[in-house]
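Hi,

Here is the structure I promised to hand over. Have a look at it first, then read my notes below.

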Amino acid sequence: MDSAIAIRTENLTRDFAAVRAVDGLTLEVPRGIVFGFLGPNGSGKTTTIRLLLGLLEPSAGHAQVLGFDTRRQSDAIRERTGALLEHHGLYERMTALENLDFFGRIARLPRTERHRRMEQLLTHLGLWERRHEIVNNWSRGMKQKLAVARALLHRPPLIFLDEPTAGLDPVAAAALREDLAELAGEAGVTVFLTTHNLAEAEKLCSLIGVIRNGKLLAVGHPNQLRSQGKGQRVTVYGQGFTPQILTGVKGLDGVQQARLRNHHLEVQMPPQTSTAPLVRFLVQAGVAVEEVHREKATLEDVFLTLVSEGSESLGNGALLSPQEGPRSEAARA
Amino acid sequence: MITDVATMIWKEWRELLRQRGSWKAFLVGLFVPVAVFGIMLPIQAGVDWLETPISLSAWIYMPTVLVMTMMADSIAGERERHTLETLLATRLPDQAILYGKILAGVGYALLLALAIVAVGLVSVNLTDLTPGWQWYNAQIFWGGLAISLLLSLLGSVVGVLISLRAASVRQATQTLSYIMLVVFFLPVVLLQILPRQVMVTLEQALAPLTLEGVLLVGGAAVLLVDLALLALARARFRRTRLTLD
């Protein structure tokens, strides 16, 4: 296997009875990057991680992680990876130090190194002073931080993080993201991060894959995804928006998507499209227009367009194809 | 493999000590069985406690029951507290996790049995006026220890097997309670409903057996059951299967 590639899957498929959770996933993740795996709930992100860790066997296709086959060499994969899965997985009756000590023992870190590493990580995350406390009494943010420390404890070249900031308040989430970026950057590890937080993906990831219903829809650098979204977002502030007006807006020429949000209207349109017909329609419909903003499509726009049904116009054709994206990225790496 | 099993035992013991909140609370929890089987009953029986096979039941029954309860939590508890998947995502081999959990239970039961034995010995000697220190009958002591080990293993493996299938700790504990009820009451019921002729035949068959013989035959039977259930647990304890559960 190419040593520049951390994860390679080919037609990876997993069925649960009649449900196809992962559907022909073909993907390459280069080493040393933060790869963001975006998708709505139930899109197959967690199942993909389980398949890559060898916790589940694929129904079809195959995958290699760090050069090891997930069917035959899953022990070697788990030895070389760290994971923060759907739940933090900490032993809440044990102290922070005991939790790390246990996972350090599992990784067979020598005692001295284990203790040095625990101190280093807990100090970095601001948890050292509370190392003797039972984890059960901690806040969710602190537990997530500790779980990140656990995943990084044995200096794995690859870590899997399954929605690490889910359920955290914005301050705790931002702090954890910062820690993640720093720790991953310092160690140069490859991070496979699943999330449905687009700001998080945009901030942390150098390569993003979008998955829906088990199918990979697109892969690319956040800027590539954004720029190739071939769209602009028009935000209209004003008063008097109604569902009927929204329906009317959706029927206008050039409008790809429209939605009402907190008393303003967001419209997705192709670039260079004039907003005059839109404004005229709104005024005629009785909306008191106060302000109109035009901006390039955000990652969120691209993501929503991709995962929403009936918007194939901005689908794979406009973005990097799943096969093209990571390979070209890998070549650059 | 041995290091991995030891690591699992280390973790299981840490969790066990804190099961009731703190290790002090854990020790207080142990006080009741030790007080009943190590102080009350030996004092009532006097020096006979060290000679009679009935004393065996005391330091065999309690640890076996407690270890089954402890094991109900072993897999179902990890699943319920969402720690199982993270554990399975480590490099630990399946068998190291399984054996670690079973041996942690066996060790706990044996230590409890030895504590009951030791406290019982002290209780008898403190209340007995015969000069000199009285000891357990060697046959009873070593036989009891061996049977205790085998039954602890049995309790541990049964506990793990039930815990593997249970959706929650509560369900596992309930199932184990039913099993214990059947195990302890079935002989009593059978004795009452078996025809007289069968009872006589049984008595004749058992009459020639000495205590040593009973311990050997009983021990061999429990060992066979232990090995069979251990093989079953090994077959059932598979990562991919546990992840699906």
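**What I found**

With a relative accessible area of 10%, B:Tyr136 is buried (that label means under 20% relative accessible area; exposed is over 50% and partly exposed in between, using a 1.4 Å probe and protein chains only). Its ring partner is B:Phe141, in a tilted aromatic pair with 6.3 Å centre to centre and 40° between the planes. B:Phe141 itself counts as partly exposed, at 22% relative accessibility.

Before going on, a word on the model: it is predicted, so local features need pLDDT of at least 70 and side-chain atom pairs count only at pLDDT 80 or more, while totals for chains, interfaces and linings use all residues. Residues are numbered from 1 along each chain as its sequence is written, chains are lettered from A and ligands numbered from 1 in the order in which they are written, and side-chain values use heavy atoms, with hydrogens and water left out.

A:Phe102 and B:Trp10 are stacked, because their planes stand at 20°, with the centres 6.5 Å apart. This pair joins two chains, since A:Phe102 lies in helix H3 of chain A and B:Trp10 in helix H1 (residues 2-17) of chain B (helices, H or I, of at least four residues and strands, E, of at least two are DSSP runs numbered from the N terminus). A:Phe102 is buried at 0% relative accessibility, and B:Trp10 is buried too, at 15%. In chain A, ring pairs also link A:Phe35, A:Phe37, A:Phe160 and A:Phe192 into a cluster.

**Where the chains meet**

Chain A brings 30 residues to the contact and chain B 28 (contact means heavy atoms within 4.5 Å). Between them they bury about 2800 Å², 61% of it on carbon and sulfur atoms (accessible area, 1.4 Å probe, that two parts lose on being put together, summed over both).

How many salt bridges cross the interface of chain A and chain B? The rule finds three (a side-chain nitrogen of Lys or Arg within 4 Å of a carboxyl oxygen of Asp or Glu). One salt bridge is formed by the side chains of B:Glu85 and A:Arg50, at 2.4 Å, N to O. On the side of chain A that touches chain B, strand E1 (5-16), helix H2 (74-79) and helix H3 (96-106) each supply at least two residues. H3(A) gives the largest share, six residues.

Cheers

Definitions and conventions: Phe/Tyr/Trp six-rings, centres within 6.5 Å; stacked < 30°, edge-to-face > 60°.
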